[in-house]
Amino acid sequence: MIRLTSAAAHCDIPCKIYDPSIFLVAGLSVARLVDLIQEEQTKNTSNAQTQLVRLVMEKEVQAKIVKDTVNTIWGDYFKEPQLKKFPQTHSLVHLIMQSASKCKQESTVQNATILIDFLNQFAEIFWASKEIKTERVKAPYPPALEVVVPILSKD
């Protein structure tokens, strides 16, 4: 009989199910929360301060999801063959980390838009590394920014 005292996996998530949609939705959430924060700042209601705190806290959570999921894909999925083919990956991930931190520090549309742009670039590289074509589509909810999605075959 074999007795295991511990078990460990080599990846954070099961292999082959990495998907940029997680960080893209989180990035879009950051952008939407920035819009809501700016709207709330114009209100003179007794509840405005509480609402602002809640929105800022959620923006922090979503920016952390961006950082965590990008870091996991970069660290676990991207290996030497992908990095040779896409040498800009390291610098792009660094820009994403800085941009997500900037979105946590400030609530500006410009910062959120820059973050989405970097995330789209990373999603394009990810899907290209799997030889899957992509397209940019407008998200069907506010702030209706474009995101990179794979073109899935109908097989």
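**Note on helix packing, core and backbone in a predicted model**

1. Helices H4 (89-105) and H5 (109-129) are roughly antiparallel to each other, a label for angles over 145 degrees, where under 35 counts as roughly parallel, 65 to 115 as roughly perpendicular and the rest as oblique. Their axes cross at roughly 150° and come within 9 Å. Axes here are lines fitted to C-alpha atoms, for helices over the stretch in contact, with angles from 0 to 180 degrees between N-to-C directions. Helices (H or I, at least four residues) and strands (E, at least two) are DSSP runs, numbered from the N terminus.

2. The model is predicted, so local features need pLDDT of at least 70 and side-chain atom pairs count only at pLDDT 80 or more, while totals for chains, interfaces and linings use all residues. Residues are numbered from 1 along each chain as its sequence is written, and side-chain values use heavy atoms, with hydrogens and water left out.

3. The crossing of H4 and H5 is left-handed, meaning that the near helix is turned anticlockwise from the far one by less than a right angle; clockwise would be right-handed. On the H4 side, the residues in contact (heavy atoms within 4.5 Å) include Leu92, Val93, Ile96 and Ser99. On the H5 side, they include Asn111, Leu115, Phe118 and Phe122. The residues of this contact comprise 13 nonpolar, four polar and one charged. In this division Ala, Val, Leu, Ile, Met, Phe, Trp, Tyr, Cys and Pro are nonpolar, Asp, Glu, Lys and Arg are charged, and the others, Gly among them, are polar.

4. Ser99 of helix H4 deserves a separate remark. Ser99 is buried, with a relative accessible area of 8%; buried means under 20%, exposed over 50% and partly exposed in between, with a 1.4 Å probe and protein chains only. Residues up to four places away in sequence aside, Ser99 touches Asn111, Ile114, Leu115 and Phe118.

5. H1 also packs against H5, at an angle of about 170° and with the axes 9 Å apart. H1 is therefore roughly antiparallel to H5. Among the contributors are Phe23, Leu24, Leu28 and Val34 of H1, together with Leu115, Leu119 and Phe122 of H5. This contact divides into 13 nonpolar residues, three polar and one charged.

6. The largest nonpolar core has 34 residues, of which Val70, Ile96, Leu119 and Phe122 touch the most other members. Such a core is a set of buried Ala, Val, Leu, Ile, Met, Phe, Trp, Tyr and Cys residues joined through side-chain atoms within 4.5 Å. At least two residues of this core come from each of H1 (21-41), H2 (48-77), H4, H5 and strand E2 (146-150). H5 gives the most, with ten residues. Leaving aside neighbours within four places in sequence, Val70 is in contact with Phe23, Val93, Ile96, Met97, Leu119 and Phe122.

7. Most residues other than glycine have a negative phi, and most peptide bonds are trans. The peptide bond from Pro142 to Pro143, however, is cis, with omega near 5°. Pro143 lies in the loop between strand E1 (134-138) and E2.

8. Ala144, also in the loop between E1 and E2, has a positive phi, near 55°. Ala144 counts as partly exposed, at 31% relative accessibility. Glu131, in the loop between H5 and E1, likewise has a positive phi, near 60°. Glu131 is exposed, with a relative accessible area of 68%.
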